[in-house]
Amino acid sequence: MKFCMDFDDTSFIGLVNAEKYKSFVDENWELDSLLQHFSNEMQKGNILVFQMTDEGIEHS
């Protein structure tokens, strides 16, 4: 079986503990604040996030 994921220039994949993960970031979020939120939630063990590419806004 072959599994292929087409992804954009800024793509993430994650596993979430839906019972503990704080999902709301901010109405006017920016990438830096989203990455900080992911980091905070990963330290709590609520989410595991992987960046799928090394291209896009965060690497410009």
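## Helix α1 and its surroundings

The buried residues of α1 pack against β1 (12-16) and β2 (47-51). Here contact means heavy atoms within 4.5 Å, and buried means under 20% relative accessible area, exposed over 50% and partly exposed in between (1.4 Å probe, protein chains only). Helices (H or I, at least four residues) and strands (E, at least two) are DSSP runs, numbered from the N terminus.

This is a predicted model, in which local features need pLDDT of at least 70 and side-chain atom pairs count only at pLDDT 80 or more, while totals for chains, interfaces and linings use all residues. Residues are numbered from 1 along each chain as its sequence is written, and side-chain values use heavy atoms, with hydrogens and water left out.

**Chain overview**

One helix and two strands make up the elements of the protein chain, and from the N terminus on they run β-α-β. Of the 60 residues of the chain, 20% count as buried. The accessible surface comes to about 5200 Å², and carbon and sulfur atoms hold 51% of that area; accessible areas come from the Shrake-Rupley method with a 1.4 Å probe, and for residues only the protein chains shown count as cover. Among contacts between residues at least 6 apart in sequence, 64% join residues at least 24 apart.

The predictor's confidence in each residue is given as pLDDT, from 0 to 100. Its mean over the protein chain is 80, and 72% of the residues reach 70 or more. Confidence is lowest in β2, at a mean of 88, and highest in α1, at 90. Where pLDDT is low, the predicted coordinates should not be read in detail.

**The helix**

Helix α1 covers residues 31-43, 13 residues in total, and reaches 18 Å from its first C-alpha to its last, close to the 18 Å expected at 1.5 Å a residue. The expected span is 1.5 Å times one less than the number of residues. L31, L34, H37, F38 and E41 are the buried residues of α1. Seen down the helix axis, these buried residues fall within an arc of 120°, so they line one face of α1; the arc is that of the directions from the helix axis to the C-beta atoms. On the face turned away from the buried side, α1 carries the exposed residues D32 and Q43. Just after α1, G45 takes a positive phi of about 80°.

**E41 and its partners**

E41 lies in helix α1. Leaving aside neighbours within four places in sequence, E41 is in contact with K20, Y21, K22, N46 and I47. The structure holds one salt bridge, defined as a side-chain nitrogen of Lys or Arg within 4 Å of a carboxyl oxygen of Asp or Glu. E41 forms this salt bridge with K44, and the closest N and O atoms are 3.4 Å apart.

K20 lies in the loop between β1 and α1. With neighbours within four places again left out, K20 is in contact with E41 and N46. K20 and K44 are 24 residues apart in sequence and 9.1 Å apart in space, C-alpha to C-alpha.

| Residue | Relative accessible area | Class |
|---|---|---|
| E41 | 2% | buried |
| K44 | 57% | exposed |
| K20 | 58% | exposed |
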